[in-house]
Amino acid sequence: MNENDDVQERKVTNRIAIGFAITTVASLGLAVVYFVLGGQEQLEGSLLAVALGGLGYGFVQVAKYLLPQGPYVEERETLPSSSEDNAAFAADFERGEGWLSRRGFLVKMLGVAAGAIGLAALFPIASLGPNPDRQLFRTKWRRGSLVVDEQGEAVGVDTLSVGGALTVFPQGHVDVEDSQTILIRLSHDDVVTKPGRELWGPQGYVGYSKVCTHAGCPVGLYQQQFKKLLCPCHQSTFSVPDGAEPVFGPATRSLPQLPLMVDDEGLLRARSDYTEPVGPGFWNRGT
Amino acid sequence: MIVKRLVRWFDQRLGAARFVRTALNKVFPDHWSFMLGELALYCFVILILTGVYLTFFFTPGTKEVVYHGSYAPLRGVSMSQAYESVLRISFDVRAGLVMRQIHHWAALIFVGAIIAHLMRIFFTGAFRRPRELNWMIGVTLLVLAIANGFTGYSLPDDQLSGTGLRIAYSVVISVPVVGVWTAFLIFGGEFPGNEVLTRFFVIHILIVPVAIAVLLGAHLAILVRQKHTQFQGRARKERNVVGARLWPTFTAKTIGLFFFVFAACAALGGLAQINPVWIWGPFQPAAVSAGSQPDWYVGWLEGSLRLFPAWEIRAFGHEIPNPFFSGVLLPGITFMLLYAWPFLEGRFTKENREEHHLLDRPRDRPVRTAIGVAALAFYAVLFVAGGNDVLASRFSVSVNLITNILRVALFVIPTVAGVMTYRLCKELAARSPTPGEPEPPPGGELVVRTEEGGYVDVEEPARTP
């Protein structure tokens with residue numbers, strides 16, 4: 001080793017020592033932050049980064065300047081086994097395999113038994129959730145359900161001015177996901193959005209399921225100027241006066257409309273549940 | 001002295017000296033792109049370390065409680081136990097927030113490192129025989145990493161994560177025949193279900209991490225057995241590996257890398273805010289806001305849901321709803337193609353008849369490189385589409401316009417990118433010979449006609465390196 005190498009090595013050693021010293025100091029700093037200051041996430045993160053960085057620097061310097069660099073050459077061995085090894089393996093395997101193939105009947109019985117117990121082991125999976133049955137076809141809305149807002153207050157004919165919109169639920173079921181309904185007042189007169197819905201929009205009020213028919217996000221943005229409902233998740237857009245038919249985005253179906261009526265006290269009530277399943281599509285929705 | 005006695009004690013019981021010596025001498029070829037996999041490995045270690053700490057405080061409960069902690073704006077608000085415990089970690093547990101943020105950042109980098117590693121393997125042909133098995137394990141690790149990212153993202157039960165779960169539920173029920181049943185089994189009933197948080201918690205902290213650890217072990221064991229690939233170069237042959245030894249040089253280098261990765265995650269976790277759930281608020285089923293974006297590695301699926309046109313199949317009273325195509329079929333085909341790639345390529349190139357330990361330069365494989373770049377461009381457009389509403393408000397144009405442009409771009413940009421890549425590869429390959437291959441013999445290649453009308457051979461001018 002000549003003198004130059006000596007100087008070089010001393011320099012590197014100093015650098016590494018500084019790196020490790022920085023780690024030690026930063027770790028002490030972490031102790032101060034944690035115990036004296038009672039924690040402070042910017043300082044914690046920074047000091048931890050400095051402490052770890054000091055270590056990392058030291059190790060990389062060691063690897064780069066103080067350790068043998070090679071290059072070393074390692075020969076590859078052949079991966080596939082030799083034909084003798086394969087033959088010996090096959091012969092050893094035959095011991096059991098031959099025994100098995102002479103007892104085909106037992107093997108078949110074992111296969112059936114294994115299948116049966118495997119199937120039985122799957123039964124408990126059914127406990128994970130209830131039978132879907134007709135749950136996706138119903139909501140909590142019933143004939144005569146009182147329309148209430150998110151605070152549970154009843155909604156009357158005077159609650160919204162024309163152009164207003166409000167998220168409503170059936171009384172007693174506030175925040176139930178599949179029953180959320182967006183109530184919009186389009187005018188002062190009764191509104192018919194589609195043939196057959198002559199009585200559904202009393203005094204300009206229309207109610208649509210707020211669950212998007214695409215992927216189920218709440219269709220929360222009402223663009224009053226264009227009378228459109230926009231889903232903020234995937235931008236499906238529904239035209240409110242036309243029965244909430246989709247006019248843009250990935251949704252393929254209209255938002256189901258809730259049949260509404262006004263009772264003797266001037267409060268809004270549902271005429272019935274939705275007449276079709278709300279929310280995104282599924283295999284047997286049409287049945 | 002003590003070390004010597006310790007080593008002897010173990011060797012007398014295990015007889016491991018020879019095996020360990022072979023391991024210590026294992027040779028690692030040196031190239032910067034070989035550290036991408038290590039990067040992913042170390043992110044996983046950081047995730048375990050910070051994740052274990054977080055489990056000591058997190059409650060995966062859906063029971064409603066009223067918040068009384070130290071974050072004033074939410075005091076008195078009713079929320080799930082899960083959300084409340086995340087607020088506690090963030091504001092009332094000393095060092096809790098920095099741990100949570102390091103965990104989140106490490107998760108983002110983890111998936112990024114895996115994808116970068118996958119790209120390195122793909123573009124250099126490192127997946128060819130005999131490494132098809134490890135390629136498939138690697139793709140599985142990517143799927144698991146994304147799954148664990150999504151389940152972890154769902155746990156805080158904030159407004160954003162609830163929206164993500166809502167969309168995931170809708171995608172599951174869109175699966176023909178078994179979709180609704182499957183969704184009810186996962187969520188414990190109709191959305192939101194009472195069980196999903198506790199189940200995702202078990203999946204997130206036990207099932208998937210254990211699966212990742214086991215497959216990671218297999219991934220590394222196969223790597224050791226098959227030895228590393230290496231780029232072509234002097235003395236580097238199909239039959240050898242040239243580089244630094246595991247002990248001590250590579251060990252020191254890789255420990256250094258681990259500390260640097262951890263340092264970067266710590267700096268990000270301390271200084272760069274990530275997922276401030278206290279701003280999103282607790283999950284309410286009837287609320288959502290524009291600008292709801294998932295973590296980056298789910299962005300391509302979000303974009304797929306947004307770009308897919310309003311098509312679905314309805315017949316005989318049954319239907320295959322729209323999200324099935326964009327949310328199930330597209331990722332399904334994506335990962336099927338990834339799994340199948342080594343075999344697909346082998347079928348066309350017939351290269352899988354022998355082993356390959358020397359790596360390709362991407363330019364020498366223009367078709368593969370072009371396909372890879374086109375695929376990346378495709379997913380990049382989908383990723384951008386996942387933020388179409390953000391783009392629309394940034395550039396003050398209608399989201400409909402952006403969406404329609406991106407629908408076209410989804411097919412145009414990958415095509416252009418693929419063709420350009422192909423041309424570029426050809427060009428680059430023509431300019432530089434493959435390293436390690438002998439230079440073309442000088443002379444006899446270039447024929448020049450002289451002024452007098454005769455022909456002479458001239459030697460090629462010397463190449464400047």
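How many residues of chain B are in contact with how many residues of chain A?

1. The contact involves 80 residues of chain B and 68 residues of chain A, two residues being in contact if their C-beta atoms, placed from the backbone, lie within 7 Å. This is a predicted model, in which local features need pLDDT of at least 70 and side-chain atom pairs count only at pLDDT 80 or more, while totals for chains, interfaces and linings use all residues. Residues are numbered from 1 along each chain as its sequence is written, and chains are lettered from A in the order in which they are written.

2. On the side of chain B that touches chain A, helix H10 (residues 246–271) gives the most, with 15 residues; helices (H or I, at least four residues) and strands (E, at least two) are DSSP runs, numbered from the N terminus.

3. Strand E1 (residues 72–75) of chain A pairs with strand E5 (residues 240–245) of chain B in the antiparallel sense over four bridges, where pairing requires that DSSP finds at least two bridges between the strands. Within this pairing, A:Val73 stands opposite B:Val242.

4. Within chain B, E1(B) and E5(B) pair in the antiparallel sense over two bridges, and B:Val27 stands opposite B:Arg245 in E5(B).

5. The three strands form an open antiparallel sheet in the order E1(A)-E5(B)-E1(B). Because E1 of chain A and strand E1 (27–28) of chain B stand at the edges, each with a single partner strand, one side of each is left without a neighbour in the sheet.
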